[in-house]
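Keep the structure open as you go through the points.

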Amino acid sequence: MTDDVLPHKRDAESSETIRRQYDELAELAGSLAHEIKNPLSVIHMNIDLLSEELAELDSPMRQRALNKADIVRQQCERMQALLRDFLRFARLREIDLTPGNLNDQIDRVLRAYEAQADQDNVDIKRYLDADLPSIMLHSDTLQSALMNLVKNALEAMGRGGQLVVRTYSTRGGVALELIDDGPGMEDSTVIHMFEPFYSTKTGGSGLGLPTARKIIEAHGGGITVQSEPGRGTRFVLAFPVPRRLS
Ligand SMILES: Nc1ncnc2c1ncn2[C@@H]1O[C@H](COP(=O)(O)OP(=O)(O)OP(=O)(O)O)[C@@H](O)[C@H]1O
Ligand SMILES: [Mg+2]
């Protein structure tokens, strides 16, 4: 055995060990989240029942007690949403991909957000390439990634703005661009935004972007971002087109 083989072998072994430990931890975290779900829904159900009983009491303490029960309910709902997002993030592994069109996927997502965009005065401009080749995708999962991105853009723009959505062919693939003219992001946010639980929003789980990236990567694709404070944010998603589909 030569000297230069050993370090490589050691590197491969240690990265394999780290991967295995990571997988074990992810599995444990997933099981823990799952185990918390049931007691939490019992707490939620009982606080609802307690509120109903409190509402019937004839006591000066009634309103104060009801307010406290309400806080418990809101926090329960927040934890349930967090667990749902976390389990979605942790469970995503191998997915079965079949041929499909990226235009259809983004179209369905935009339709789902149409009413909210109208209400928020957000104008959605679509420039979808009609000749876009198919890619290999898992419809529900990919749509949930796109929903996270569209939701973020709408939340960022708040009351009014423009969201430009473009699809086009690239060399060897297809791309989807989402450009909003919201407040943009400071570099400190851009650096952390793909980390699980990083959020600048009150009540945000910070799992939207990490989940979206994991899903896009499970499709063999990638996601990049450019953002400028005060000007807006541009996400670009790139997916490969297998030769037999092009
Ligand atoms: N289009 C955007 N414009 C401005 N900031 C954004 C945009 N998209 C993401 N961000 C920033 O990235 C952070 C992380 O986003 P991510 O979707 O992971 O979590 P979140 O939106 O805060 O919470 P959740 O998705 O669980 O509701 C956001 O809190 C926000 O600061
Ligand atoms: Mg989000």
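In this predicted model, Ile 106 is in contact with Leu 146, Val 165, Thr 167 and Leu 176, leaving aside its neighbours within four places in sequence. Ile 106 is found in helix 3, and helix 3 packs on a sheet.

- Is Ile 106 buried or exposed? Ile 106 counts as buried because 23 other C-beta atoms lie within 10 Å, and the cut-off for a buried residue is 20 or more.
- One of the contacts of Ile 106 is Val 165, whose bridge partner in strand 5 is Leu 178.
- Looking along the chain, Gln 119 is 13 residues apart from Ile 106, and 20 Å separate their C-alpha atoms.

- Five strands make up an open sheet with mixed pairing, and their order is 2-4-5-7-6.
- Strand 2 (122–127) and strand 6 (222–228) are the edge strands, each pairing on one side only.
- From one strand to the next, the twist averages 15 degrees.
- Strands of a sheet pair through backbone hydrogen bonds, in either the parallel or the antiparallel sense.
- Six bridges link strand 2 with strand 4 (residues 161–170), and this pairing is parallel. Ile 124 has Leu 163 in strand 4 as its bridge partner.
- Strand 4 and strand 5 run antiparallel and are joined by eight bridges.
- These two strands form a hairpin with two residues between them. In the turn, Gly 172 has a positive phi of about 85 degrees.

**Helices on the sheet**

- Which strands does helix 3 (residues 102–119) touch? Helix 3 touches strand 2, strand 4, strand 5 (173–180) and strand 7 (232–240).
- The direction of helix 3 makes about 175 degrees with that of strand 4.
- Helix 4 also packs on the sheet, touching strand 2, strand 4, strand 5 and strand 7. The direction of helix 4 makes about 20 degrees with that of strand 5.

**Around ligand 1**

- How many residues surround ligand 1? There are 21, and the closest are Ala 156, Ser 199, Gly 204, Ser 205 and Gly 208.
- Helix 4 (139–157) and helix 6 (208–218) are the elements that give two or more residues to this shell.
- By type, the residues of the shell divide into seven nonpolar, eleven polar and three charged.

**Domains**

- The chain is divided into domain 1 (5–91) and domain 2 (98–245).
- The centres of the two domains, taken over C-alpha atoms, are separated by 27 Å.
- Seven residues from domain 1 and seven residues from domain 2 take part in the contact.
- On the side of domain 1 that touches domain 2, the residues divide into four nonpolar, no polar and three charged.

Key. Residues numbered from 1 in each chain as written. Chains lettered and ligands numbered in written order. Predicted model: local features only at pLDDT ≥ 70, side-chain atom pairs only at ≥ 80, totals over all residues. Near = placed C-beta within 6 Å. Helix = DSSP H or I, 4+ residues; strand = E, 2+ residues; numbered from the N terminus. Nonpolar A, V, L, I, M, F, W, Y, C, P; charged D, E, K, R; others polar. Pairing = 2+ DSSP bridges. Axes fitted to C-alpha atoms, helices over the stretch in contact; angles between N-to-C directions. Contact = placed C-beta atoms within 7 Å. Domains from an automatic or database assignment. Buried ≥ 20, exposed ≤ 12 C-beta atoms within 10 Å, placed from the backbone.
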